[in-house]
Amino acid sequence: MRRALALAESVLYTTAPNPRVGCVIVRDGQVLGEGATQPPGGPHAEIGALRDAKTRGHDVTGATIYVTLEPCSHFGRTPPCVDAVLAARPARVVVAIGDPNPLVNGQGLARLRAAGIQVTTGVCVQEALALNAGFISRMSRGLPWVWMKMAASLDGRSALHNGMSQWITGPQARADGHRWRARSCVVLTGMGTVLKDNPLLNVRDVETPRQPRKAVVDGQFAIPEDARLFDGGPVILFTAREDAAKASRLADKNARVIHMPGAVPGRVDLGGMMRWFAQAEFNEVHVEAGAGLSGALVGAGCVDELLLYLAPVLLGDAAGMVRLPMLEHLDAAHRYEFIDSVMVGADLRLRARVQATWRELMQRVALPTSV
């Protein structure tokens, strides 16, 4: 299963909106075939592994198939994988996690069991879910998985009061941040960042076969029409103010304007924006924004995970990472659980997530351990 997980990780940037899945076929300690999900429209992991075994000249009858996600049981862009698995007549199928897609949701496993194939589940659940938290979240909650990337000093400062923030962290940390951009479906920022930094919002420091979409929260629809992010790639603008003429001009720059006013005049409905992302089949949202939008997203309950790069410097009286209302009681604090810490060059990368949300996803993919 760990080899299957490595195969799934090898296609981290290419499968969306489909999940990242790896598959390994084994008999008597020998690998007969391997596969990983190909870009949309291409073969899924199980099909790839079966074809690989055939190419190697192996008959997989009576073998064991390890796969990181329940085989699909419906027609989408490709036929159901469970049909191919059944036709291959394995003795056993080992599945890491279930697929909460209403078109699957246990049906694939039920068909395998009905055919007399032994099914084992619940192997490497945490690792399998971590690779597909966005897909699982979209299918089970109707929301993407959202992480917020921040870079700060040891005293939690993200920029000087004059706005200077380039660069608090080193080049290795910045490249690592671009890897997280690359695995996302969309990079989201706010108008403050556009006006201050005029960012490209693309992936530059690592190789990637595709660029994520770009999105901007722009309540007043004030984005400059010559902003650098309008480079020909698709851009999504969420605004609370309608301006048909400007929207038409920006459409010529491959920008789509979504009018999504919130309860506060001039503000975007952030929760509605996240639901829109899910409906548009965006699995993962990568946020890189200023303290204002970052705080608003946290306050609206839109952030599932924090991706924080800490530099070994102290900035003193400077701008913070997240702007939130002053609290009177610690019980009202937004709490996360650390899940990872690693040195990236001279900087420390910390990851923390909302445990209640993670537990919910764990419940959605849980299956009986064996039958």
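Reader: Where in the chain is P17 found?
Author: You'll find P17 in the loop between α1 and β1. Helices (H or I, at least four residues) and strands (E, at least two) are DSSP runs, numbered from the N terminus. This is a predicted model, in which local features need pLDDT of at least 70 and side-chain atom pairs count only at pLDDT 80 or more, while totals for chains, interfaces and linings use all residues. Residues are numbered from 1 along each chain as its sequence is written, and side-chain values use heavy atoms, with hydrogens and water left out.

Reader: What kind of peptide bond joins A16 and P17?
Author: Most residues other than glycine have a negative phi, and most peptide bonds are trans. Here, A16 and P17 are joined by a cis peptide bond, with omega at about 10 degrees.

Reader: On to the sheet. In what order do the 5 strands come?
Author: Strands of a sheet pair through backbone hydrogen bonds, either parallel or antiparallel. In this model the order is β2-β1-β3-β4-β5, in an open sheet with mixed pairing. Two strands count as paired if DSSP finds at least two bridges between them. At the edges sit β2 (30-36) and β5 (118-121), each pairing on one side only. On average, neighbouring strands of this sheet are turned by 15 degrees against each other, direction ignored. For angles like this, axes are lines fitted to C-alpha atoms, for helices over the stretch in contact, and angles run from 0 to 180 degrees between N-to-C directions.

Reader: In which sense do β1 and β2 pair?
Author: Strand β1 (residues 22-27) and β2 are antiparallel, with 6 bridges. To spot the pairing, look for R27, which stands opposite Q30 in β2. Helix α1 (residues 2-9) packs on the sheet, where it touches β1, β2 and β3 (64-69), and its direction makes about 150 degrees with that of β1. Touching, or contact, means heavy atoms within 4.5 Å.

Reader: Which residues have the most contacts inside the largest nonpolar core?
Author: In soluble globular proteins, nonpolar side chains tend to be buried together. In this model the largest such core has 57 residues, and those with the most contacts inside it are M1, I25, V60, V93, I97, L112 and I136. Strand β4 (residues 92-97) gives the largest share of this core, 5 residues. There's also a second, separate core of 32 residues, with V146, A152, L306 and L310 among them. A nonpolar core is a set of buried Ala, Val, Leu, Ile, Met, Phe, Trp, Tyr and Cys residues joined through side-chain atoms within 4.5 Å. Buried means under 20% relative accessible area, exposed over 50%, and partly exposed in between (1.4 Å probe, protein chains only).

Reader: And what do the buried residues of α2 pack against?
Author: They pack against β1, β2, β3 and α3 (81-88). The buried set in helix α2 (residues 45-55) is A45, E46, I47, G48, A49, L50 and A53. Just after α2, G57 has a positive phi of about 85 degrees.

Reader: At what angle do α6 and α12 pack?
Author: Two packed helices are described by the angle between their axes and the distance between the axes. Helix α6 (residues 133-141) and helix α12 (residues 355-365) meet at about 80 degrees, with axes 10 Å apart. So α6 is roughly perpendicular to α12. By the cut-offs, angles under 35 degrees are roughly parallel, over 145 roughly antiparallel, 65 to 115 roughly perpendicular and the rest oblique. From α6, A133, I136, S137, S140 and R141 meet T357, W358, E360, L361, R364 and V365 of α12. These contact residues divide into 5 nonpolar, 3 polar and 3 charged. Here Ala, Val, Leu, Ile, Met, Phe, Trp, Tyr, Cys and Pro count as nonpolar, Asp, Glu, Lys and Arg as charged, and the others, Gly among them, as polar.

Reader: How many residues of α6 are buried?
Author: 7 of its 9 residues are, leaving α6 mostly covered. Those buried include I136 and R138. Just after α6, G142 shows a positive phi of about 70 degrees.

Reader: Is F221 buried or exposed?
Author: F221 is buried, at a relative accessible area of 1%. This residue is found in the loop between β9 (213-217) and β10 (235-239). F221 has a positive phi of about 50 degrees although it is not a glycine. E281 also has a positive phi, near 65 degrees, and is a residue other than glycine. Look for E281 in the loop between α10 (270-279) and β12 (284-287). At 38% relative accessibility, E281 counts as partly exposed.

Reader: Which residues is V257 in contact with, leaving aside neighbours within four places in sequence?
Author: Those are F221, L237, T239 and A247. V257 itself lies in strand β11 (residues 255-259), and counts as partly exposed at 26% relative accessibility.
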